[in-house]
Amino acid sequence: MDDALSNEFDIVIAGAGMVGATLACLLAESSLRIALIDRNPLVHGKDSDSPERRIDKFDPRVSAISQASQQLFRALGVWEDMISARVCNYSAMQVWDAEGTGSIDFSAAEINQPELGSIIENSIIIAALHKRIAQLENVFPITPFTIESFEYIDRDGRSIVKLHADDGQAICAPLVIAADGANSKLRGLANFECREWDYEQHALVTTVRTQRPHNNTALQRFMETGPLAFLPLRAAQEDGVQHFCSIVWSMLPDQAEWVMSLSEDAFNAELGAALESKLGVIEWSDKRFVFPLRQRHALDYVKESIVLVGDAAHTIHPLAGQGVNLGLLDAKALAEELQRGIKAGRSVADPTVLLRYQRRRKGNNLSMMWLMEGFKRLFAQQDLGVRWLRNMGMSAVDKAGPIKNQLIRKAMGLDS
Ligand SMILES: Cc1cc2nc3c(=O)[nH]c(=O)nc-3n(C[C@H](O)[C@H](O)[C@H](O)COP(=O)(O)OP(=O)(O)OC[C@H]3O[C@@H](n4cnc5c(N)ncnc54)[C@H](O)[C@@H]3O)c2cc1C
């Protein structure tokens, strides 16, 4: 039998990260045969319920998960696994300007919600999704499969996409969904045009233990060189002690190089000062990682049987913790449109179906990206007048109930 025939599916999802894996779970509700490929093996069973998850050892990559994303995970039956591994709900957020007196305090109570969102280690989210995928009959994980190239081939008069891996494997489907992240190989191979620019900032991430408890509050201090975020972590399910935080410190590239070279004690002292000692002394910090930050948005999400979702379609500054939340909304919208199309008797690669997905998501993603860009530029301004206005503006928003509530609801994904 032709090699390609034994590897033919209705849909190939390229990338089993948080967005691709969520999409696979959503599409499993259809009768489609779905291949989920990734350059790395799936992790189910290894991590989510591991007794070896040490209470003082956290994944350096965490995500602030909105209520909308939480609802999606609940509907897919993966939320309980995340909860039983480790999730820290946060009920308040304090944002302030390093250069002045402006500040905004967000609280879940103000909008009658139990929490604003949850901080979850990425490895926990992925482990719960991969565990679910292992139970699905119509989702076929094919790993390791590192995409090398693709071509369009003819199958009974229909054009289908054939993906080639670097080790000679091949796989075919009428529709390929690129969920292969910010540096998407597929996006490049298919020549999707992107608007992109360097933020000229790097994000440093690590885990720290602080002298004072975080009280389930996320903190964000805006500096000229970039924002510093402290995201509360929960050490163990029964743990009442709240001294661990994940930090995302955005800074200029030269500064990042210098901060990376510091000893642990020197780094802890710098970090404590950068947070104005709000949580007391930084007692311990884990290994540090740095990521260059780029803003990127594909002009189109759909091109000849290839569709972009998640970071493959858009990457955004991590300052508001929205990247994966936007990607999960992409996954939900695409799954809904594909299912609607199937019910109407359309093929999965029908452009009218795919363009409906693009229309639903592009404007929404763009508006969030421009909002983040606006924040980033506003806080980089040294001009005294702008600084004064910015501080006045923050304080005014803090006092303006309806505007503030609208901002909270948008960040929670409740008004998308
Ligand atoms: C410092 C930092 C902090 C962040 N904090 C937050 C936050 O608090 N909240 C939030 O919502 N977002 C946050 N984000 C953004 C978030 O991490 C991303 O939006 C999210 O990881 C995107 O998920 P994804 O599944 O689209 O892509 P990825 O997570 O990048 O997954 C891509 C998958 O594709 C696979 N892959 C890649 N290339 C190939 C290939 N050639 N062949 C086969 N497989 C391939 C990879 O192995 C991977 O499994 C943050 C980002 C950064 C940098």
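The model is a predicted one, in which local features need pLDDT of at least 70 and side-chain atom pairs count only at pLDDT 80 or more, while totals for chains, interfaces and linings use all residues. Numbering starts from 1 along each chain as its sequence is written. Helices (H or I, at least four residues) and strands (E, at least two) are DSSP runs, numbered from the N terminus.

On to the sheets. Strands of a sheet pair through backbone hydrogen bonds, either parallel or antiparallel. Here, two strands are taken to pair if DSSP finds at least two bridges between them. Six strands make up an open sheet with mixed pairing, in the order β8-β2-β1-β12-β20-β19. Its edges are β8 and β19 (302–303); each has a single partner strand, so one side of each is left without a neighbour in the sheet.

Strand β10 (residues 158–165) runs antiparallel to β11 and is joined to β11 by four bridges. Within this pair, Val-161 has Ala-173 of β11 as its bridge partner, and Lys-162 stands opposite Cys-172 in β11. The hairpin of β10 and β11 has four residues between the strands, and Gly-168 there takes a positive phi near 95°.

Next comes helix α5 (residues 122–134). Its 13 residues reach 18 Å from the first C-alpha to the last, close to the 18 Å expected at 1.5 Å a residue; the expected span is 1.5 Å times one less than the number of residues. The buried residues of α5 are Ile-124, Ile-125, Ile-126, Ala-127, Ala-128, Leu-129, His-130, Arg-132 and Ile-133. For burial, a residue is buried if 20 or more other C-beta atoms lie within 10 Å of its own, exposed if 12 or fewer, and partly exposed in between, with C-beta atoms placed from the backbone. The cover over these α5 residues includes α2 (18–27), β2 (34–37), β3 (62–65), α4 (79–85), β7 (117–121) and β8 (139–142).

Then there is the ligand. Of the 34 residues around the ligand, Gly-15, Gly-17, Gly-181, Gly-310 and Gly-323 come nearest (near means a C-beta atom, placed from the backbone, within 6 Å). Elements giving two or more residues to this shell are α2, β3, β13 (194–210) and α9 (323–343), and α9 supplies the largest share, four residues. By type, the shell divides into 16 nonpolar, 13 polar and five charged residues; Ala, Val, Leu, Ile, Met, Phe, Trp, Tyr, Cys and Pro count as nonpolar, Asp, Glu, Lys and Arg as charged, and the others, Gly among them, as polar.

Most residues other than glycine have a negative phi, and most peptide bonds are trans. A cis peptide bond, with omega about -15°, joins Thr-143 and Pro-144, and Pro-144 is found in the loop between β8 and β9. Glu-200, in strand β13, has a positive phi near 55° and counts as exposed, with 12 C-beta neighbours inside 10 Å. Glu-276 also has a positive phi, near 55°; this residue is in the loop between α8 (264–274) and β17.

Finally, two loop residues. Asp-286 lies between β17 (282–285) and β18 (289–298) and counts as partly exposed because it has 18 C-beta neighbours inside 10 Å. Not counting residues up to four places away in sequence, Asp-286 touches Pro-60, Thr-206 and Thr-207; contact requires C-beta atoms, placed from the backbone, within 7 Å. Asp-286 and Thr-206 are 80 residues apart along the chain, yet their C-alpha atoms are separated by 5.9 Å. Val-281, in the loop between α8 and β17, is 71 residues from Thr-210 in sequence and 6.0 Å away in space, C-alpha to C-alpha.

Conventions. Two residues are in contact if their C-beta atoms, placed from the backbone, lie within 7 Å.
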